[in-house]
Amino acid sequence: MQLEAIAAALWRANHVAVLTGAGMSAESGVPTFRDAQTGLWAQYRPEDLATPEAFARQPELVWRWYAWRRELVAAAEPHIGHRSLAALAANLPGFVLITQNVDGLHQRAGSPDVIELHGNIMRTICSACLRCVESWSDDWIPPRCPTCGSPLRPDVVWFGEPLPRGALEAANAAVEAADVILVVGTSGLVDPAASLPRRALARGAMVVEINLEPTPLTRSATAFVTGTAGSILSQLADRLC
Ligand code: OAD
Ligand code: ZN
């Protein structure tokens with residue numbers, strides 16, 4: 001399906017939902033998870049770093065790994081794809097952005113009301129009382145909660161943990177209402193995020209996948225557009241904004 005037809009469908013839609021994954025931030029220099037060689041899970045084992053058990057077993061290692069990723073993300077800049085989604089949000093009615101990414105780049109590009117399914121690495125919480133903590137002393141690694149003394153942790157969803165209830169409910173509502181869904185830069189392997197486009201397809205919504213390579217969603221998607229998030233989203237924004 002050509003970009004003109006996709007742009008026309010977006011223009012006609014009353015509700016548009018966008019689901020993004022790590023491929024959305026790759027052009028900002030933030031590593032994906034499953035790209036061969038360069039993906040984080042090609043170099044590290046998720047079960048060693050991104051689970052509550054890993055944090056209980058090696059809190060210092062997990063804290064340092066996320067501190068390293070936080071520095072990467074803080075040094076990254078949103079690219080034209082992020083800015084294009086912010087422009088589309090301003091021009092298309094009923095536009096909702098759902099992301100699996102924890103890097104906050106959509107917000108920094110100007111997207112309002114981003115639904116963060118997996119949390120945000122730039123937020124730090126107490127692992128026990130769950131309050132947000134803005135500053136801490138580095139006497140301990142991981143630092144300790146100033147209120148209850150428990151170890152601090154990144155405010156991201158680890159494997160085996162439930163997603164933030166409000167975020168999941170908002171994402172489900174957006175997908176239920178959507179006439180068109182753009183699925184950008186995700187391998188579609190992690191539920192419940194991966195089930196969102198499938199549920200939209202089952203309702204008869206148009207699902208357009210934007211990726212460099214096919215994924216398990218591709219064969220059932222309405223359209224598959226090969227290309228980078230930056231290139232394809234900016235071409236759509238050029239037609240619609
Ligand atoms: P993955 O690393 O699994 O998939 C990245 C996808 O982006 C792949 O399909 C790539 O082909 C594609 N891609 C790479 N560069 C791209 C580009 N420039 N433009 C468009 N597409 C590009 O990342 P996710 O699907 O986001 O969860 O992973 C989902 C979840 O698994 C993450 O949120 C994280 C991870 O473990 C948790 O840690 C809980
Ligand atoms: Zn606490």
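The largest pocket here is the space taken by ligand 1. Keep in mind that this is a predicted model.

So who lines up around the ligand? Ligand 1 is surrounded by 24 residues. The closest are Phe-33, Arg-34, Thr-186, Ser-187 and Asn-211. Sort the shell by class, and you get nine nonpolar, 11 polar and four charged residues.

Now the polar contacts. Start with Ser-187. One of its polar side-chain atoms sits 2.6 Å from an oxygen atom of ligand 1. Next, Asn-211. Here a polar side-chain atom is 2.7 Å from a ligand 1 oxygen. Then Trp-41. An N or O atom in the Trp-41 side chain lies 3.0 Å from an oxygen atom of the ligand. How much of ligand 1 does the protein cover? On its own, ligand 1 has 790 Å² of accessible area, and the protein covers 95% of that.

Next, the domains. Domain 1 takes 1-30 + 78-118 + 163-241. Domain 2 takes 31-75 + 123-156. Their C-alpha centres are 27 Å apart. In the contact, 13 residues come from domain 1 and 10 residues from domain 2.

Where does the ligand sit relative to these two domains? Domain 1 and domain 2 both give residues to the shell around ligand 1, so the ligand lies between them.

To recap. Ligand 1 takes up the space of the largest pocket. The ligand lies between domain 1 and domain 2. Ser-187, at 2.6 Å, is one of the side chains to look at on screen.

Technical notes: Residues numbered from 1 in each chain as written. Chains lettered and ligands numbered in written order. Predicted model: local features only at pLDDT ≥ 70, side-chain atom pairs only at ≥ 80, totals over all residues. Heavy atoms only, no water. Near = heavy atom within 4 Å. Polar contact = N/O pair within 3.5 Å; in protein donor to acceptor, adjacent residues only side chain to side chain. Areas by Shrake-Rupley, 256 points an atom, 1.4 Å probe, with all protein chains shown as cover. 1 Å grid on protein atoms, 1.4 Å probe; cavity = no way out; pocket = protein on both sides within 12 Å on 5 of 7 lines; lining within 4 Å. Sits in = over half its atoms within 2 Å of the grid points. Nonpolar A, V, L, I, M, F, W, Y, C, P; charged D, E, K, R; others polar. Domains from an automatic or database assignment. Contact = heavy atoms within 4.5 Å.
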